[in-house]
Amino acid sequence: MLEKFMNMDRRIIFILVALVVIIPTLIPIRLPITVSEPTQKLYDFIEELPSGSTIMMAFDYGPSSLAEPEPMAKAVMQHCFSKGVKVIGMTLYPNTPTLADKLMRKIAAENNAVYGEDYVFLGYRPGALQVILGMGTDISSVFETDYQKTPITEISMMENITNYDQIDLLLDLASGSSTETWIIYANTRYGLKIAAGVTAVIIAQMYPYLQSGQLIGLMPGYLGAAQYEKLLNAHGDGTVGLNTASFAHLLIIVLVILGNVAFFIHRRREA
Amino acid sequence: MEVFGIWVAAFLTLCIYSFLYRDNPFYRFAEHLFVGISVGYLIVIGIHEGVIPLAWEPLSKAMNALWTEIIGETTPETRKALRGLFRILPIAIGLLFFARLSPSHTWLIRIPIAILIGFGAGVAIPNVLQANIFAQTRGTIEPFAAIGPFVDVPPEARLSTFDIFGAILMVIGVICTLTYFFFSVEHRGPINWLSKVGIAFLMIGFGAAFGNTVMGRLALMIHRVGFLINDWIGSFGALF
C-alpha cells in the first residue's frame with residue numbers, strides 16, 4: 001500500500017486537481033470571506049477620496065497572468081466610478097494595452113463613465129524607468145497622445161493634470177517586479193502614494209513595503225479581489241475564483257500531509 | 001468572429017494542457033506558436049510604440065522643418081519641430097548596438113552599454129538606497145516609537161501586545177537573517193546560533209513564497225477552466 005502510494009502516477013494528482021477545480025466551477029459554493037487589513041486600507045483610502053480626485057492604474061501584467069489582476073482592476077474601477085473618482089490607465093508592459101483598453105471600456109460602460117471625462121487610457125511607452133521618471137515631471141512629455149492617438153491636450157480630464165502632484169494614488173496591478181520600480185522611483189523620488197494589487201506569486205515580496213508604509217494598501221491575488229468585491233457588496237470573478245481555489249488548496253494541503261507522512265514512514269522502515 | 005477566436009483559444013489551451021499526459025505534437029505546436037507570436041507581437045509593438053513615435057516621426061518632422069528653414073519660410077511650428085534634430089544623437093548611439101554584427105567594429109558597442117550602465121547606476125543607486133535600505137530600516141525600528149507607556153504617545157496610537165510581539169519578532173528576524181549572510185566572521189558560538197535562527201526565518205519566507213506560487217498557478221488554471229466551461233462550452237449554442 002505504502003509502496004503504491006510512494007510510486008503513484010503523478011497524472012492521478014493532475015486528475016484530482018482538475019476535478020476540484022471543475023466541480024466548484026460547475027456548482028458554485030459561496031464560502032465566507034474575511035477582509036484583511038491591507039485590502040481594507042486600500043478600500044478606505046479610495047472611499048475617503050473626494051469626488052473629482054484622480055487615481056492612476058498601471059496595468060502591469062500580461063495576458064498569461066491576467067487571472068488575478070483583472071478582477072482587482074474591475075472591482076477598483078467600479079468603486080472609483082461609483083464615487084466620481086477619475087481613473088487614468090496606463091501600462092509598462094508592451095503586450096497589455098489591448099487587454100487594458102478593452103477592460104476599461106467594459107467597466108466604464110457598465111458604470112456609465114465617459115471616456116475623456118471620467119477615465120482615460122494612455123497606453124504603453126517603452127522604457128519603464130524613463131516612463132515613471134518622465135511622468136513625475138510632465139505626463140504629456142511621455143504620453144503626447146492617449147491609446148487612441150488623441151492628443152492629451154485635447155482630453156478634458158487631463159486639462160489640470162500635469163504630473164504626479166495632481167494624482168492622489170497609483171494602483172499598480174502587477175504580476176512582476178513593476179511595483180518595486182514604482183516604489184523606488186515614483187514614491188521615493190516624487191512622493192506619489194502607491195498601492196498594489198499583485199498576483200499570489202509575488203505577495204511575499206510586497207509585505208515589507210506595506211509594513212514600512214511605502215505601500216498604503218495591498219490586494220493579494222484572488223483573495224484581494226474577493227475581499228474588495230465583498231467590501232463593494234459585489235459578487236465578481238475574484239469571489240468565484242477564490243471559492244474554487246479554496247477547494248484546490250485544501251486538496252494540496254491534504255496531499256502535502258499525506259506525502260510527508262508516507263515519506264517519514266518509508267524512511268523509518270528503510271532504517 | 002468572436003466565436004472563432006474562442007474556439008482557437010480553447011484548442012490551444014487544450015493543446016498546452018495535453019502535456020500533463022505526456023509530451024506530444026499538439027503541445028509542441030502550441031508552444032512554438034506561442035513563442036513565435038509573442039516575439040512577432042513584441043517587435044511590432046516596439047516599432048509602433050517606440051521607433052516610430054520616438055525616433056522616426058520627430059526626426060522626419062525635423063528634417064522637413066529644416067528644409068522649410070533653408071528655403072526661408074520660418075514659422076514657430078518649424079522652430080519647435082527643429083528640436084527633433086537633437087534625437088539624432090541618441091538614435092546614433094542606439095544604432096551602435098548593431099556594431100556587434102561587424103567583428104572589426106564590435107568595440108563600438110561599449111559606448112551605448114557604458115551610457116546605459118552609467119545612467120542606470122546614477123539614477124538607481126540613490127533611489128534604491130532610499131527605498132530599500134533607509135525606508136526599510138526605518139520601517140523595522142519605527143514600531144518601537146509607539147510602544148507605551150515608556151514612550152510619550154497617545155493611548156490610541158500605542159501598539160497592542162500582539163503588535164509589540166510582531167515588532168520584536170521582526171527585529172530578531174532581520175538581525176538573524178543578516179547574520180546568516182555575514183561571512184566576515186566565522187559562524188561559531190553565538191554567531192552560529194543567530195545564523196541558525198536566520199535560516200529558520202529564511203525557510204519560513206521561502207515556504208510562504210512557495211505556497212503563494214502554488215496559489216498563483218492554481219489561479220491561472222481556474223481562469224482557464226472557467227474560460228473552457230463558460231466561454232467555450234457556452235459557445236456551443238451559437239454553433240449547434
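Tutor: Two residues are in contact if their C-beta atoms, placed from the backbone, lie within 7 Å. This is a predicted model, in which local features need pLDDT of at least 70 and side-chain atom pairs count only at pLDDT 80 or more, while totals for chains, interfaces and linings use all residues. Residues are numbered from 1 along each chain as its sequence is written, and chains are lettered from A and ligands numbered from 1 in the order in which they are written.

Student: Which residues does Leu170(A) touch, not counting residues up to four places away in sequence?

Tutor: With those excluded, Leu170(A) touches Met56(A), Ala58(A), Trp182(A), Ala186(A), Leu192(A) and Ile194(A).

Student: How should I read a nonpolar core, and how many residues has the largest one?

Tutor: In soluble globular proteins, nonpolar side chains tend to be buried together. A nonpolar core is a set of buried Ala, Val, Leu, Ile, Met, Phe, Trp, Tyr and Cys residues joined through C-beta atoms within 7 Å, where buried means that 20 or more other C-beta atoms lie within 10 Å of a residue's own, exposed means 12 or fewer, and partly exposed is in between. Here the largest core has 86 residues, and Leu170(A) and Ile194(A) have the most contacts inside it. Helix H4 (residues 69-83) of chain A gives the most to this core, with seven residues; helices (H or I, at least four residues) and strands (E, at least two) are DSSP runs, numbered from the N terminus.

Student: What is the phi of Asn112(A), and is Asn112(A) buried or exposed?

Tutor: Most residues other than glycine have a negative phi, and most peptide bonds are trans. Asn112(A), although not a glycine, has a positive phi of about 55 degrees, and lies in the loop between helix H5 (97-110) and strand E3 (119-124) of chain A. Asn112(A) counts as exposed because it has 8 C-beta neighbours inside 10 Å.

Student: At what angle do the axes of H8 of chain A and H5 of chain B cross?

Tutor: Axes are lines fitted to C-alpha atoms, for helices over the stretch in contact, and angles run from 0 to 180 degrees between N-to-C directions. The axes of helix H8 (residues 178-190) of chain A and helix H5 (residues 110-141) of chain B cross at roughly 95 degrees and come within 9 Å. H8(A) is therefore roughly perpendicular to H5(B), since angles under 35 degrees count as roughly parallel, over 145 as roughly antiparallel, 65 to 115 as roughly perpendicular and the rest as oblique.
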